[in-house]
Amino acid sequence: MFTFAIISIAAGILFLAYGLLIARKICTKTRHKGWKVLSGLIACFIVGYSAVLVSLIIENSITPVLFGLSIILLSGSVFVLMVASFSLKTISQLHVLAEEEKYNALHDSLTSLPNRKHCIETIQMLIEQNVPFQLMHLDVVNFKQVNDGMGHFCGDHLLMMIGQRIRSHIEKGDFVARIGGDEFVVILPKKSPEQATQIAKGINIDLNKPFVIDGFELTSGAVMGVSTYPSHGQSAEQLINAADIAMYWAKSSELEIAIFSCEMNQDARRKLKISRQIDEALENNRFQLFYQPIISCKANTVEGYEALMRWVDPEGVPVDPVEFIPVAEQSNKITSITAWILNQIALDLATFQDAGIQCPIHVNLSAKDLMSRNIENLLTKLACKHSTFVRNVVLELTETAAINRLRDPENKLRSLKDLGFQIALDDFGTGYSSLSLLRDLPVDQIKIDRSFVYQLQKNQRNRSIVENSIALAHGLGYSVVAEGVENQTVYNILRDNQCDFVQGYFFSPALPIDRAIEWTHNHQPNILTSVAYNQ
Ligand code: C2E
Ligand code: CA
Ligand code: CA
């Protein structure tokens, strides 16, 4: 009994010592005062246990009470050890979870690169330490097309591979983050703008090499804007904005890389703001379609409408389409806008029909729309869903320069024509509508640009161009719309020269649908169902 009691108390002391060790570990992990107090208590227990052990050895005898006490002391030490070790285990697990959560909060799950938050924290840290650096904002050029055309699986893969390729260009101490959909930021501490340009060029050469995804080979590329700390801003937001502005400037100047300069600021700031507001407008349904009547010269009846976008920004200021359409084209948002327009037109056609008006609606398509599978699919879907859609929609091709850049405009247009749509060549006489295009493209109608129609009565050259354009179009079997008719004299000249249709402020500006219906009813009080357009 004596020996057993001695062994029990000695074991208790060992357990307590181990428990104390664990409690100390927890103290360093949690820095919680309670664990310090607990460690103190365990140390006191060890002293108490040792005192009992020493007195037992000195006494060299044991009573049943002392034996019972030794058992209790042993159990107590086991309890302390168990509580301490379970606590350590739980605390360690919590630490691992917290670390994981912290990692996830600062990294992008797709590419495993640091995310926007991490990027901003890193920029702030460099600013606090006053370390000069270059900040590169990189936007993938064709990501939306890949995502829309080949699906999200391919899009995600492309982003992952782009992330890897960018990472392979940065050195130790540099930093790369994915801060949004297809946007990356590279931070290059202690490097010059020239070095940043060299790295940017290297990245782009790499991104231009083919990516193989799911058996498909695609190429990509990026447009990059570079800003410098401390010259271009004193906060993360200012520096990212400056790089963003440089990036937009590069895009609109058709460059791959641009370094921020103050001149870029004003114009680009407005464009950037518009680009962001376009997303907001699409989400919150802030766009509106107005309709401008197209009048037949022969019958003086409404034979169609051109759908034109109207938009009032969140501050209540109307934004001119001439300003926001090019921004939407540059930032690849035009296809989302056009998709919205086409869906809206499908609804508005029914409204016109309910009012006894059955006229085609002209819709402006940009070259980016023609390149997008999405728009083609949507047109096909709407054509199947609404029996009258194809007959009542005329596609106007805009964006003077870009149509020349379409790889295969003829086939693109032919597939739209095969669906049954009529096609009008917009802004005839400016840029793309050269004679060869007029000869090769399968169009039904030309719309003479309003710059030629303007002051037709006074300007003999304009008059000659308009008269000959009408004859040329008729010779090729196309009908003609003259845009921008602002007075009776111009209208008379056009009518006398066999122009088929006219459109302009002399008749009506673009109006909201209810007012367009009202205007049509006033113009043609006996309207029932209009004859099919262009027949
Ligand atoms: P556009 O396709 O040539 O459209 C005709 C423009 O001429 C419209 O300007 C219209 O309001 C204006 N207009 C009509 N009659 C007259 C007139 O008698 N005199 C004058 N001076 N102007 C007249 P808006 O609505 O400002 O649109 C400008 C351009 O923006 C359009 O030129 C088109 O290229 C583009 N746009 C407008 N809406 C859309 C759209 O929904 N999608 C696309 N892709 N582009 C659009
Ligand atoms: Ca047009
Ligand atoms: Ca036009």
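**Contacts, rings and metal site**

Analyst: Aspartate 148 lies in helix H5 (residues 143-150); helices (H or I, at least four residues) and strands (E, at least two) are DSSP runs, numbered from the N terminus. This is a predicted model, where local features need pLDDT of at least 70, side-chain atom pairs count only at pLDDT 80 or more, and totals for chains, interfaces and linings use all residues. Residues are numbered from 1 along each chain as its sequence is written, chains are lettered from A and ligands numbered from 1 in the order in which they are written, and side-chain values use heavy atoms, with hydrogens and water left out.

User: Is aspartate 148 buried, partly exposed or exposed?

Analyst: Buried means under 20% relative accessible area, exposed over 50%, and partly exposed in between (1.4 Å probe, protein chains only). Aspartate 148 has 33% relative accessibility, so aspartate 148 counts as partly exposed.

User: What distance separates the C-alpha atoms of aspartate 148 and asparagine 374?

Analyst: Along the chain, aspartate 148 and asparagine 374 are 226 residues apart. Their C-alpha atoms are separated by 6.8 Å.

User: How many aromatic pairs are there?

Analyst: Rings of Phe, Tyr and Trp (its six-membered ring) pair if their centres lie within 6.5 Å; planes under 30 degrees apart count as stacked, over 60 as edge-to-face and the rest as tilted. By this rule, the number of aromatic pairs is 13.

User: Which kind of pair do phenylalanine 133 and tyrosine 229 form, stacked or tilted?

Analyst: Their ring centres are 5.2 Å apart and their planes are at 20°, so the pair is stacked. Phenylalanine 133 is in strand S1 (residues 133-140) and tyrosine 229 in strand S6 (residues 222-229), so this pair links parts of the chain 96 residues apart. Phenylalanine 133 and tyrosine 229 are both buried. The pair type is stacked.

User: What about phenylalanine 287 and tryptophan 340: stacked or tilted?

Analyst: The ring centres of phenylalanine 287 and tryptophan 340 lie 6.2 Å apart, with planes at 55°, so the pair is tilted. Phenylalanine 287 is in strand S8 (residues 287-296) and tryptophan 340 in helix H11 (residues 334-354), so the pair ties together parts 53 residues apart in sequence. Phenylalanine 287 is buried at 4% relative accessibility, and tryptophan 340 is buried at 16%.

User: Which residues do ring pairs link into a cluster?

Analyst: Phenylalanine 287 and tryptophan 340 belong to this cluster. Its residues are Phe287, Trp311, Phe324 and Trp340.

User: Which residues coordinate the calcium ion (ligand 3)?

Analyst: Donors are N, O and S atoms within 2.8 Å of the metal (3.2 Å for Na, K and Ca); water is not among the atoms, so sites may look incomplete. The donor residues are spaced D-D-x55-E in sequence. At 2.2 to 2.6 Å, the donors come from Asp426 (OD), Asp427 (OD), Glu483 (OE) and Glu483 (OE).

User: Which residue coordinates both the calcium ion (ligand 3) and the calcium ion (ligand 2)?

Analyst: The two ions are 3.8 Å apart. The residue that coordinates both is buried, with a relative accessible area of 3%. That residue is aspartate 426.
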